Amino acid sequence: MTSRMAFAGLMTGMLLSTHVASAQAATYVYVSNADDGTITSYTLDRDRGTLQPLVTTAAGGNVMPMALSPDQHHLYAAIRSEPYRVVTYRLDSASGVLTEQGSGTLPVSMANIDVDPSGSYLFGASYSDDVVSVSPIDDAGIVGDARQTVATGHHAHAMHASPDGRFAYVTNLGDDQIAQFRFDAESGALVPLTPSAAKTPSQTGPRHFVFSPDGQYVYVLGEFSGDVTTYAYDDQSGKLTALGTASGVPASFKLMRGMAQETIPEGDNTPRVWAADIHVTPDGRFVYTSERTGSRISTFQADPQDGKLTFLRTTDVETQPRGFQIDDSGAFIVVTGQLDDEVGLYRIAPQTGELTRVDTAPTGKNANWVEIVTFDDV
């Protein structure tokens, strides 16, 4: 009798353990590999701090920018070779596998894509053609053909909506400005604000940008300077107001780009910085930027009172880090290197924001974009 009771207790414990395990969150990482035309997927085990390869999915030549639907059940990937298009994938929450569901045409090659907060439209920004586009997303989550194309300033590099979805912004790297639009979430129409743009510091080349988690501030990364400029966001007018700029690259490096100082021709003051991506932790405490020439990630601390940034440190990472992403717990960063055959997993120190590499995993050629998804109760 005692033996049977012990066995029953053991079985009950095993069932409970199985239930708890099945109810744990599953975190998946997706990396686009431009030269291979593939998307590699991984499982991120946040308890162990490991990155485990899953499968490789064919996408299309020069697949680069990606974006997630607000409900995180769809992944969108832009193909920057002809025919230009954006491919819709359904994410399987149990396995992390991607299933292609359709594609929509894009007018030109897009350097960046994103989805508005309602999940009804996909934005595209074209560096080569100085335009942005708006594509509809149907009720099944599939992106259709681009419906609207709007000429903007030189070298549009990124386009994102405000957290409330009422406004949209575009960095114009060639004009040192951020174009400002009112966005109609019903029709998808873009209407320029007055003024139509907010200026960035001269010769910084605004590239990528992010909103702070509380929606009060916008952090804009300069590709040519490695600096980050903080803007206040007015949720009534949509206007951006510059508050200050923090440098994330040593001054000496800005004139070197990896060369010894004596090898630079006299009078050559061409910026040598090649900054790429920017992200903020979910709690808004830390902002990170990548710089490709020095293969480093810079860490900033954000002041919760005024949004201004203070530079903390740089961390050596994968070679030529074009893209990286922070998971929704704020505990890990996944970094890609365009000239590296591995992606790196870094743990974020919660008090200091310091990065420590804890794992690596193989990837494809010219890895450049990262998206991370967590599904609860899998």
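How many of the residues of strand E13 are buried? Good morning. I shall answer that question by way of the sheet to which the strand belongs. Please keep in mind that the model before us is predicted.

Let me begin with the arrangement. The sheet is open and consists of 4 strands, in the order E12-E13-E14-E15, with antiparallel pairing. Strand E12, residues 156–161, and strand E15, residues 190–199, each have a single partner strand and stand at the edges, so one side of each is left without a neighbour in the sheet. From one strand to the next, the twist averages 20°.

Now to E13 and its two pairings. With E12, the antiparallel pairing extends over 5 bridges, and His160 stands opposite Tyr169 of E13. These two strands form a hairpin with 5 residues between them, and in the turn Gly165 has a positive phi of about 75°.

On to the pairing with E14. Strand E13, residues 167–172, and strand E14, residues 177–183, run antiparallel and are joined by 6 bridges.

Strand E13 is mostly covered, with 6 of its 6 residues buried. In a regular strand, side chains alternate between the two faces of the sheet. In E13, Phe167, Tyr169 and Thr171 lie on one side, while Ala168, Val170 and Asn172 lie on the other. Both faces of E13 are covered, and the residues on each are all buried. Thank you for your attention.

Conventions: Residues are numbered from 1 along each chain as its sequence is written. This is a predicted model: local features need pLDDT of at least 70, side-chain atom pairs count only at pLDDT 80 or more; totals for chains, interfaces and linings use all residues. Side-chain values use heavy atoms; hydrogens and water are left out. Two strands pair if DSSP finds at least two bridges between them. Axes are lines fitted to C-alpha atoms, for helices over the stretch in contact, and angles run from 0 to 180 degrees between N-to-C directions. Buried means under 20% relative accessible area, exposed over 50%, partly exposed in between (1.4 Å probe, protein chains only).
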